[in-house]
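Dear colleague,

I am handing over the structure below, and my notes on it follow.

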Amino acid sequence: MTIAAFLLLALVAGLVIYDWATLRGKNRRALIVEIAVFVAGAVFIVFPDRATALAHVVGIGRGVDFLLYPTVIWLVRESLLSRRHRIESAERLTHVVRELAIARAADVK
Amino acid sequence: MPSHISGRDGVEALRATLDSLRARDEAITVFLVDDGSEPAISPSDLPATNDTFRIVLARHVVNLGQGAALETARQLALRDATSYAAYVTMDADGQHRAYDALALARAIEEGADVAFGNRFLGDSNVPPARRVVLFLARWFERAITGLRLADAHNGLRAFGRSALERVRIRQNRMAHATEIKLLVSRAELRIVEVPVSVRYTKETLARGQTNAGAALILRDLMLQYLFGDSK
């Protein structure tokens with residue numbers, strides 16, 4: 001195992017332990033999904049040839065590209081969806097705060 | 001009039017602005033929106049009202065931004081039982097003069113749908129760095145709205161009722177100034193520019209918009225362009 005693979009595995013293990021410690025008792029299903037994805041990632045880190053073999057099957061040159069392409073596409077989409085949800089939430093908050101302000105508005109005597 | 005105050009200086013600046021409006025011999029209603037000030041603006045912070053000078057105080061329980069406060073004031077004004085000859089927006093931090101607010105209102109009474117303040121024709125002491133930012137903002141706004149105006153992001157503006165009904169502000173923060181110009185340009189309204197004086201002091205510069213805020217305005221406009229239909 002290379003130094004890079006060892007460091008990446010340490011990072012993955014550290015993240016899983018941190019999330020398990022901080023999320024324990026809540027979001028258990030999400031944590032299980034995260035661990036499953038990380039374990040799959042760890043397998044490709046330890047056995048990069050497997051990723052390359054899979055990449056060749058679908059016509060991509062390198063294993064890392066096989067993983068990177070869909071990941072980048074998914075992250076960009078996730079970023080846009082997340083931004084839209086934040087804007088919609090902010091809009092709802094604005095509406096509530098404004099209606100409250102208007103309902104309570106009063107003439108200064 | 002949007003107001004987000006922190007500290008005694010802000011209260012005094014607000015009170016001075018309201019006092020100067022009260023001193024004018026005109027019938028004026030101020031729709032004052034406290035945009036989440038801590039502590040909240042209380043009626044005791046404000047000058048006394050009378051038959052010709054009325055204040056309607058509303059409060060955002062959290063700070064939303066100047067654009068949101070203006071939109072709340074706009075909705076309050078449109079829901080008010082009285083229909084007014086002109087609707088003027090102005091800052092509460094002491095930068096704007098009551099005299100100029102009334103000059104803008106007069107422009108509406110004389111037939112304009114919208115009157116924008118032009119600080120470069122008035123007796124304004126615009127700092128050099130702000131001049132550069134405003135020059136760039138003016139060209140940016142000209143490019144996206146098609147309006148050839150001499151000033152940009154000036155909080156002193158006035159609307160007739162039908163124009164006000166058509167200017168629904170969705171930009172909560174400072175990008176509302178560009179949004180208003182965009183809405184006005186699309187509505188094909190009669191526009192005039194009126195000379196106004198904007199006073200920059202250490203205090204108003206500290207309380208007001210920073211030059212770096214231009215980047216945030218561009219970001220907000222871009223987000224509205226991308227996601228505006230979801231809002």
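Which residue in β3(B) is the bridge partner of L32(B)? The bridge partner of L32(B) in β3(B) is L57(B).

Before going further, some conventions. This is a predicted model, in which local features need pLDDT of at least 70 and side-chain atom pairs count only at pLDDT 80 or more, while totals for chains, interfaces and linings use all residues. Residues are numbered from 1 along each chain as its sequence is written, and chains are lettered from A and ligands numbered from 1 in the order in which they are written. Helices (H or I, at least four residues) and strands (E, at least two) are DSSP runs, numbered from the N terminus, and two strands pair if DSSP finds at least two bridges between them.

Across the chain boundary, strand β1 (residues 106-107) of chain A and β3(B) run antiparallel and are joined by 2 bridges, with A106(A) standing opposite L57(B). Over the whole interface, 23 residues of chain B are in contact with 17 residues of chain A. On the side of chain B that touches chain A, the elements giving two or more residues are β3 (53-60), α2 (66-79) and α8 (213-227) of chain B, and the largest share, 7 residues, comes from β3(B). By class, that side has 14 nonpolar, 6 polar and 3 charged residues, where Ala, Val, Leu, Ile, Met, Phe, Trp, Tyr, Cys and Pro count as nonpolar, Asp, Glu, Lys and Arg as charged, and the others, Gly among them, as polar.

Chain A

Chain A has 4 helices and 1 strand, following the pattern α-α-α-α-β along the sequence. Its radius of gyration, taken over C-alpha atoms, is 23 Å, well over the 13 Å that the globule rule (2.2 Å times the number of residues to the power 0.38) gives for 109 residues, so chain A is more spread out than a compact globule. Along the principal axes, its C-alpha trace spans about 80 × 35 × 25 Å.

Helix α1 (residues 3-23) and helix α2 (residues 28-46) of chain A pack at an angle of about 170°, with their axes 10 Å apart, which makes α1(A) roughly antiparallel to α2(A) (angles under 35 degrees count as roughly parallel, over 145 as roughly antiparallel, 65 to 115 as roughly perpendicular and the rest as oblique). Their contact has 13 nonpolar, 1 polar and 2 charged residues. Further along, the axes of helix α3 (residues 48-57) and helix α4 (residues 63-104) of chain A come within 6 Å and cross at roughly 70°, and α3(A) is therefore roughly perpendicular to α4(A). The residues of this contact divide into 7 nonpolar, 2 polar and 1 charged.

Chain B

Chain B has 8 helices and 7 strands. Its radius of gyration is 17 Å, close to the 17 Å that the globule rule gives for 231 residues, so chain B is as compact as a globular protein of that length. A second open sheet, of 4 strands with mixed pairing, has the order β4-β6-β5-β7 in chain B, and its neighbouring strands are turned by 20° against each other on average, direction ignored. Within this sheet, β4(B) and strand β6 (residues 157-159) of chain B pair in the antiparallel sense over 3 bridges, and V88(B) has A158(B) as its bridge partner. Helix α3 (residues 98-109) of chain B packs on the sheet, touching β4, β5 (114-118), β6 and β7 of chain B, and its direction makes about 30° with that of β6(B).

With best regards

Methods: Axes are lines fitted to C-alpha atoms, for helices over the stretch in contact, and angles run from 0 to 180 degrees between N-to-C directions. Two residues are in contact if their C-beta atoms, placed from the backbone, lie within 7 Å.
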